[in-house]
Amino acid sequence: MHTKQINLKNYSSFKIGQEEEFALLEDDFSEIDKFYLIGSCNNTLVGTNPPKMMMLSKLYDYIKIEDNCLKIGGATPSGKIASFCKKHDIADFEFVSHLPGKLGGLVYMNAGLKEVEIFNHLIDITTTDGLQKRSEIEYGYRYTNIRKPILEATFHLRYGFDKEKVLQFKKMRANQPSTPSAGSCFKNPKDDYAGRLIEAVGLKGVMQGDMSFSEVHANFLVNHGNGTFEDAIVLIQEAQKKVFKEFHIWLECEIVILDKRFMGEESPLIKRD
Ligand SMILES: Cc1cc2nc3c(=O)[nH]c(=O)nc-3n(C[C@H](O)[C@H](O)[C@H](O)COP(=O)(O)OP(=O)(O)OC[C@H]3O[C@@H](n4cnc5c(N)ncnc54)[C@H](O)[C@@H]3O)c2cc1C
């Protein structure tokens with residue numbers, strides 16, 4: 001596999017991390033199980049002890065209309081999808097102009113804004129294991145059970161790009177901080193809001209090094225400049241412990257944490273009985 005050096009301090013939306021070597025996934029899938037796949041690192045916090053990582057190569061950066069459907073490669077950035085849909089007067093993808101990520105990451109996370117999510121118009125995906133119809137995939141709020149690299153996704157094609165929707169989605173973003181983050185840190189628990197709970201336990205705005213839960217929106221963990229992985233983890237664990245103690249609710253991370261100490265069933269970030 002070809003490789004690429006990437007400085008995560010520049011690449012990741014958190015602006016945290018060090019230079020790492022990434023394997024590039026092209027058309028040989030024989031070694032994929034040795035690596036963890038990332039997209040554009042807009043929902044990911046990479047630690048100082050990460051697993052081996054890979055990303056899709058440019059081969060998978062495309063968007064096209066075919067058989068009256070929209071076919072998008074897994075490495076296509078959301079900005080490119082938004083511009084294509086605007087240019088070709090395509091409906092239903094207005095929200096992606098405000099969702100940073102690549103198509104594979106958007107589908108894997110079932111990313112969305114309020115009731116609009118990427119699965120709404122999905123027909124099927126192609127992973128390194130082949131074609132999978134939407135009906136064969138388990139998915140829900142910021143969740144899917146996809147376990148293989150998504151190379152391509154096919155969506156229903158409907159015409160009528162709606163500029164008004166772009167503005168509405170932009171407005172929804174107005175209460176979010178512009179300081180580097182990875183979007184919402186925790187999933188909202190059923191019938192509640194992670195931001196409300198973090199604020200209620202007094203953690204909104206509390207600094208740990210250069211990291212804090214934002215004053216603008218408490219569920220955004222933000223980096224004020226020189227935040228580190230360790231600072232971020234301290235705040236995440238603090239929020240989980242305090243919210244559990246006070247409300248008996250375990251905040252589940254929405255952000256993906258890539259560090260061997262915090263991954264898998266042994267992770268201290270998973271609820272223990
Ligand atoms: C300022 C800001 C605001 C945000 N607001 C929102 C929001 O409103 N709603 C929302 O849903 N999200 C939001 N996010 C999070 C982010 O936009 C989404 O989660 C997006 O889907 C991340 O895509 P990515 O390519 O960066 O994924 P990454 O962070 O690189 O990866 C995330 C996960 O996806 C997996 N993955 C990536 N590519 C593939 C692939 N090709 N095949 C299989 N799995 C893959 C990775 O293994 C990882 O587990 C926000 C982020 C930021 C920085």
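**Second largest pocket and overall fold**

β1 (3-7) and β5 (53-56) each contribute at least two residues to the lining of the second largest pocket. Strands are DSSP runs (E, at least two residues) and helices likewise (H or I, at least four), numbered from the N terminus. The model is predicted: local features need pLDDT of at least 70, side-chain atom pairs count only at pLDDT 80 or more, and totals for chains, interfaces and linings use all residues. Residues are numbered from 1 along each chain as its sequence is written, and side-chain values use heavy atoms, without hydrogens and water.

The second largest pocket holds about 170 Å³ of space. A pocket is an open set of points on a 1 Å grid over the protein atoms alone, where a 1.4 Å probe fits, with protein on both sides within 12 Å along at least five of seven lines; lining residues have an atom within 4 Å of a point. Its volume is the space filled by probe spheres set on the points, which are joined across faces, edges and corners. Among the lining residues are Lys4, Ile6, Tyr11, Met55, Asp61 and Lys102.

The protein contains six helices and 17 strands. Its C-alpha atoms fill a box of roughly 55 × 45 × 35 Å along the principal axes. Buried residues (under 20% relative accessible area, 1.4 Å probe, protein chains only) account for 48% of the 273 residues. Of contacts (heavy atoms within 4.5 Å) between residues at least 6 apart in sequence, 61% join residues at least 24 apart.

Definitions and conventions
Buried < 20%, exposed > 50% of the residue type's maximum accessible area, 1.4 Å probe, protein only.
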